[in-house]
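This report covers a single chain, taken up by region. The sequence and structure come next.

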Amino acid sequence: MAERVQRNRHRSAPESDSRLRELMDTYQQPLLRYAQRLTDGDTGRAEDAVQEAFLRAWKHLDRLTGDHGSVLGWLRRVVHNLVMDGYRMRKARPTEVDIENAAEVATADPMAGVVDSLLVEQVLHRLWPEHRAALVETYLNDRTAAEISETLGVPVGTVKSRVHYALRAARKATTNHLLCAA
């Protein structure tokens with residue numbers, strides 16, 4: 001590293017500038033076309049990648065000679081890596097949304113469903129088994145009182161009263177804060 005810095009010190013600023021200008025004149029258009037293909041035609045991202053590639057080339061001017069390999073190949077690899085890093089960064093971070101459109105993109109909190117299911121489980125656990133069965137059949141299995149009557153072997157009126165008392169007990173459990181975290 002120190003050797004490279006020393007070599008760059010020996011090279012004068014006008015010499016470095018002219019070498020970089022020569023590289024840009026020679027390779028800018030081919031690199032820009034290559035970068036646009038990689039970015040699906042996004043000119044802004046392509047120009048940014050090419051600009052960054054030339055900045056890196058300026059830092060490594062001493063290595064960009066035909067003796068060390070293809071200069072265009074080195075520049076193309078740098079552009080390719082920059083574009084791929086940009087794709088990876090976009091995948092790794094959340095999607096950016098304008099503040100005006102935030103309400104449209106906002107999603108429901110998935111934890112709310114977890115909390116609700118825990119609450120239902122706790123409420124059902126506190127009910128008498130007969131009341132629990134009537135409530136589960138009515139609301140979770142979406143069955144009619146007549147269907148539940150047949151399944152449980154009790155009169156329809158009994159099913160209705162069990163649902164009524166089960167709901168009353170469930171409301172009481174939630175309003176009295178008898179529920180605790182599982």
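## Helix α6

The buried residues of α6 are Q122, V123 and L124, where buried means under 20% relative accessible area, exposed over 50% and partly exposed in between (1.4 Å probe, protein chains only). These residues pack against α7 (129-140) and α9 (156-175). Helices here (H or I, at least four residues) and strands (E, at least two) are DSSP runs, numbered from the N terminus.

Helix α6 covers residues 110-126, 17 residues in total. From its first C-alpha to its last it reaches 25 Å, close to the 24 Å expected at 1.5 Å a residue; the expected span is 1.5 Å times one less than the number of residues.

## Model and overall make-up

The model is predicted: local features need pLDDT of at least 70, side-chain atom pairs count only at pLDDT 80 or more, and totals for chains, interfaces and linings use all residues. Residues are numbered from 1 along each chain as its sequence is written, and side-chain values use heavy atoms, with hydrogens and water left out.

The chain has nine helices and zero strands. Of its 182 residues, 26% are buried. Contact means heavy atoms within 4.5 Å; among contacts between residues at least 6 apart in sequence, 62% join residues at least 24 apart. The accessible surface comes to about 13000 Å², with 54% of it belonging to carbon and sulfur atoms. These areas come from the Shrake-Rupley method with a 1.4 Å probe, and for residues only the protein chains shown count as cover.

## Nonpolar cores

A nonpolar core is a set of buried Ala, Val, Leu, Ile, Met, Phe, Trp, Tyr and Cys residues joined through side-chain atoms within 4.5 Å. The largest one has 23 residues, and those with the most contacts inside it are L23, Y27, L31, V50, F54, L75 and V79. Two or more residues come from each of α2 (13-38), α3 (43-59) and α4 (71-92). Helix α2 gives the largest share, nine residues.

Leaving aside neighbours within four places in sequence, V79 is in contact with L31, Y34, A35, L38, A49, V50 and A53. A second, separate core has nine residues, including L124, L135, V154 and A166.

R19 lies in helix α2 and is buried, with a relative accessible area of 17%. Not counting residues up to four places away in sequence, R19 touches L61, L64, T65 and V71. R19 and L61 are 42 residues apart along the chain, and their C-alpha atoms are separated by 7.7 Å.

R56, in helix α3, is partly exposed at a relative accessible area of 36%. With residues up to four places away in sequence left out, R56 touches W74, V78 and L82. From R56 to L75 the distance is 8.9 Å, C-alpha to C-alpha, across 19 residues in sequence.

T39 lies in the loop between α2 and α3. It counts as buried because its relative accessibility is 3%. T39 touches R45, A46, V83 and Y87, residues up to four places away in sequence not being counted.

R45 in turn lies over the face of Y87, at 4.6 Å from the ring centre. R76 lies over the face of Y34, at 3.9 Å from the ring centre. A charge sits over a ring if NZ of Lys or CZ of Arg is within 6 Å of the ring centre and within 35 degrees of the ring normal.
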